[in-house]
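Here's a quick walk through one model, helix by helix and loop by loop. Have the structure open while you read.

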Amino acid sequence: MSGLESLAGSGLLLPLVGLLGLAVGSFLNVVIHRLPIMMEREWAAQCADLRNEPAPVFDALSLLAPRSRCPKCGHGIGALENIPVLSWLLLRGRCRGCGTGIGVRYPLVELLTGLLSLACAWTFGPTLLLIGALALVWALIALTFIDLDTQLLPDSITLPLIWAGLLLNLLGGFTDLRSAVVGAIAGYLVLWSVYWAFKLATGKEGMGYGDFKLLSALGAFLGWQMLPVIILLSSLVGAVVGIALIVLRSHGRDVPIPFGPYLAAAGVIALFFGATINRTYLGLM
């Protein structure tokens, strides 16, 4: 961590991490848009293989290629048009080629990633915890918006996140390794049990397996001690938002509401304030 300590000593750690967060936020917009498409193509190929049919042919697509383009006119996004937040403001939220509006969510994801990255640097300083916190926060942002768009929490993010949390705590991270392992196991089993209890009682599926894996990842990073805080916060916020949507008639009762964003938000709160919340709760008890 000597490099990070040198940056902190020179006063450059916060601005550099903030700028890094903005750049990563720009990449996360690509992940949020392309990863579900890549997953659907992979499923289509697997289904064709099971039916002994020719594999469907798609244009080449990865997280790195091809270069981003306007979906309407095909205008390639140049480097000067891809500066986080600033380019969107200078272009007034419109494509340079055809003038089609560019959603405000793109700069918001970049800004959110930059601000949370800055908060990680401020809170954890030039330590191993900063690297772990950044990895966790960036993954949670991607998962949040993918789940909002598609109601999917990709295994390609959640499963590596579980192992990353265990490895981080093996090296001396947010908690001891025992708490991390118990947290990973308990995080999965808690929501798995809720899922089956709800299904046996109603015959319906109340949540997806991705939610189990996400809570398992949070347990692996932060330890089992943070799971009650995460479950309580995510359940309260999810219930309030769900009831509000139904009351305002903007969301049908039979339309599922993704739970991943609430777990992710609760995980971020626990990352920064979980210890304080636990101490306050135990003090009141």
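A contact here means heavy atoms within 4.5 Å. Keep in mind that this is a predicted model, where local features need pLDDT of at least 70, side-chain atom pairs count only at pLDDT 80 or more, and totals for chains, interfaces and linings use all residues. Residues are numbered from 1 along each chain as its sequence is written, and side-chain values use heavy atoms, with hydrogens and water left out.

Helices are DSSP runs of H or I with at least four residues, numbered from the N terminus. Let's begin with a pair of them. Helix H2 (residues 13-50) and helix H4 (residues 105-124) have axes that come within 7 Å and cross at roughly 140°. Those axes are lines fitted to C-alpha atoms over the stretch in contact, with angles running from 0 to 180 degrees between N-to-C directions.

Who meets whom? On the H2 side, the residues include Gly21, Val24, Gly25 and Leu28, and on the H4 side they include Val109, Thr113, Ser117 and Ala121. By class, this contact has twelve nonpolar, eight polar and two charged residues. In that count Ala, Val, Leu, Ile, Met, Phe, Trp, Tyr, Cys and Pro are nonpolar, Asp, Glu, Lys and Arg are charged, and the others, Gly among them, are polar.

Thr113, in H4, is worth a click. Leaving out residues up to four places away in sequence, Thr113 touches Gly21, Val24, Gly25, Leu28, Trp138 and Ile141.

Just after H5, Gln151 takes a positive phi of about 60°.

How buried or exposed are some individual residues? Buried means under 20% relative accessible area, exposed over 50%, and partly exposed in between (1.4 Å probe, protein chains only).

| Residue | Relative accessibility | Class |
|---|---|---|
| Thr113 | 0% | buried |
| Ser87 | 2% | buried |
| Arg92 | 73% | exposed |

Ser87 sits in helix H3 (residues 86-90) and, neighbours within four places in sequence aside, is in contact with Leu80, Glu81 and Asn82.

The loops have some backbone details to check. In the loop between H2 and H3 you'll find Pro66, and the peptide bond from Ala65 to Pro66 is cis, with omega near -5°. Val85 lies in the loop between H2 and H3 and has a positive phi of about 65° although it is not a glycine. Arg92, in the loop between H3 and H4, has a positive phi of about 55°, and it is not a glycine either.

Terms used: Helix = DSSP H or I, 4+ residues; strand = E, 2+ residues; numbered from the N terminus.
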